[in-house]
Amino acid sequence: CRIIPNVMDFANPPDPPDDYARKFRATVGVSDHDLLVLQPTRVVARKGIEHAVELVRRLGRANATLVISHASGDEGDVNQQRIEEYAELMDVELLFVDRWIGEQRGTGTEGQPLFTLGDVFSQADLVTYPSEYEGFGNAFLEAIYYKKPVVCNRYLIYRTDIEPCGFNTITFDGFLTNDTVDQVNDLLDNPARCNEMVEQNYEIANEFFSFEVLEA
């Protein structure tokens, strides 16, 4: 059999954020000086969002906000309530922003501005991907495409299909450690290293997960 990977158009990088994209932070209540940690997934149990909440808490940065991009979907709201309660216990600023996200820019049913997922990625400082298990890792590739540093749990498919490609990410095995937290803080304090990391990851993704790979 032949495995066809998930792919993105890495031959054409995303445009830099424009004025509209830069309005996202103010729209949802995050200042330009805040650390925006993005969890770009639905709110379901297997996504391991508790790890993202814990990470934000342990970073020890008073200006950090965890932003979750998608709603619960068809799996109910119990897990979202659990995440909200856990964030409150951990004293973590948490925002669910699905009402401001659409397939394209525009105006929502309540008159609110709609942003694309690309707009949201462009405003993130860090992406968390702490899934317990996944079919592949779409949100991981999206984070790489939009050149954002990633903190990732080493779920099975990540270990077998993604990690061997050589991506430079901050990973953990099932639970956060002090070393994981220290690595994230060191990265956030070193913009040059962060830029080197995301550029390296983009080139790796272009080699293994581009449209051209699919064509071949």
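**Cavity, pocket and helix packing**

Hi everyone, let's start inside: the lining of the largest cavity has six nonpolar, two polar and no charged residues. In that count, Ala, Val, Leu, Ile, Met, Phe, Trp, Tyr, Cys and Pro are nonpolar, Asp, Glu, Lys and Arg are charged, and the others, Gly among them, are polar.

A word on provenance: this is a predicted model, where local features need pLDDT of at least 70 and side-chain atom pairs count only at pLDDT 80 or more, while totals for chains, interfaces and linings use all residues. Residues are numbered from 1 along each chain as its sequence is written, and side-chain values use heavy atoms, with hydrogens and water left out.

Back to that cavity, then. Its space comes to about 30 Å³, and the lining residues are H51, A52, L55, T128, P130, V151, F172 and L176. Which helix gives the largest share of this lining? That is α2, with three residues. Helices here are DSSP runs (H or I, at least four residues), numbered from the N terminus.

Volume is the space filled by probe spheres set on the points, which are joined across faces, edges and corners.

Now the largest pocket, with a volume of about 330 Å³. It has 15 lining residues, and P14, D15, P16, P17 and S122 lie nearest its centre. Helix α4 (residues 117-122) gives the most to this lining, three residues. By class, the pocket lining has six nonpolar, three polar and six charged residues.

On to packing. Helix α7 (residues 178-188) and helix α8 (residues 191-208) have axes 6 Å apart, at an angle of about 105 degrees. Axes are lines fitted to C-alpha atoms, for helices over the stretch in contact, and angles run from 0 to 180 degrees between N-to-C directions. So α7 and α8 are roughly perpendicular to each other (65 to 115 degrees). Contact means heavy atoms within 4.5 Å, and here Q183, D186 and L187 in α7 meet P191, R193, C194 and M197 in α8. This contact has four nonpolar, one polar and two charged residues.

Thanks, happy to chat!

Methods: 1 Å grid on protein atoms, 1.4 Å probe; cavity = no way out; pocket = protein on both sides within 12 Å on 5 of 7 lines; lining within 4 Å. Helix = DSSP H or I, 4+ residues; strand = E, 2+ residues; numbered from the N terminus. Parallel < 35°, antiparallel > 145°, perpendicular 65-115°, else oblique.
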